[in-house]
Amino acid sequence: MINGRIVPLSTQLHNSDIVKIITSPQGSPSQDWLKIARSSKTRSKIRNHFRQAEKTDRNEKIARGWEALEKELRKRGLTVENQEDFAPGLNKVARDLGLSGKDDVLAAVGAGTSGPSTVAQKLVLAYLQQHHPADDLSTLVKENPPVRRHDSDIIVEGEGGVSVVLANCCAPIPGDAIVGYSTRTRGITIHRIDCPNILNAQMGRVVQVSWGRSSDKLYTARLKAEAVDRANLIRDAAQSIGLGGGSISGIKASTIGNSLMRMKIELRVRDLEHLYGVIAKLNAVKDIIEVTRG
């Protein structure tokens with residue numbers, strides 16, 4: 001206050017002005033103060049305040065990000081005891097996402113700019129590759145002489161004339177990294193390598209498989225999309241899938257609060273490259289926030 005009147009902070013003082021400063025426990029500096037501060041010492045203190053606030057905010061985002069990621073990893077069957085065990089995988093995910101390092105990944109998840117489910121999927125695959133490299137695959141799969149059936153969609157190592165079924169839980173499609181699991185009643189089920197059910201599987205029953213001949217066959221894939229709710233959003237999403245050459249089997253949508261919509265989409269595609277093309281079309285739809293594998 002100047003001379004009993006509340007005035008803007010930028011008001012110039014004159015001789016004989018009576019100044020009263022009103023404070024508040026919740027008060028904090030504003031970036032606008034840098035425009036009106038006269039001394040370099042004052043500007044330096046203001047900048048230090050915001051640097052410290054940014055550091056605190058980043059640390060909070062990193063903590064929130066790890067907490068969210070830890071939950072997703074546990075859902076996928078990975079026991080999380082020490083964050084540092086996942087540091088190499090997080091750094092690899094950071095490179096894939098164009099970020100500087102693991103803390104940037106965690107901060108992005110904590111800030112909500114990267115989905116924890118998407119990052120967890122990438123991290124699980126990186127973790128498997130780190131702890132079970134390809135040259136040590138014999139510890140994970142049954143050792144049998146290779147028997148290849150090149151006329152099939154799936155090539156099974158060491159097995160012939162066996163029933164092969166694509167797992168419904170993870171819906172693998174050509175191009176996905178896959179493994180097989182030998183069941184007692186249904187032959188061999190084919191899973192994506194990052195499927196939570198494979199992470200919990202008895203490794204003695206895991207068999208090495210690969211994709212066989214290419215064909216025009218369509219495979220079931222599932223996507224999850226989060227978007228800002230609006231009129232005609234589902235119509236626009238369906239049109240974009242059609243433009244990407246996908247064939248929709250079904251869409252389920254639910255609203256969250258007053259502003260968000262979540263969609264579960266089942267569609268038919270040729271392979272992973274085809275699916276990525278459909279995802280690119282979906283990401284271009286107005287108000288779509290994130291699209292991930294279901």
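User: Before we start, what do buried, exposed and partly exposed stand for here?

Analyst: Buried is under 20% relative accessible area, exposed is over 50%, and partly exposed is in between (1.4 Å probe, protein chains only). By that scale Asp-236, with a relative accessible area of 18%, is buried. This is a predicted model, where local features need pLDDT of at least 70, side-chain atom pairs count only at pLDDT 80 or more, and totals for chains, interfaces and linings use all residues. Residues are numbered from 1 along each chain as its sequence is written, and side-chain values use heavy atoms, leaving out hydrogens and water.

User: How many salt bridges does the structure hold?

Analyst: A salt bridge here is a side-chain nitrogen of Lys or Arg within 4 Å of a carboxyl oxygen of Asp or Glu. One of them pairs Arg-58 with Asp-104, with the closest N and O atoms 2.7 Å apart. The count for the structure is eight.

User: How many residues apart in sequence are the parts tied together by Glu-226 and Arg-262?

Analyst: Their salt bridge has its closest N and O atoms 3.0 Å apart. Strands are DSSP runs (E, at least two residues), numbered from the N terminus. Glu-226 sits in strand E7 (residues 219-228) and Arg-262 in strand E9 (residues 260-269), so the pair ties together parts whose separation in sequence is 36 residues.

Note on methods
Helix = DSSP H or I, 4+ residues; strand = E, 2+ residues; numbered from the N terminus.
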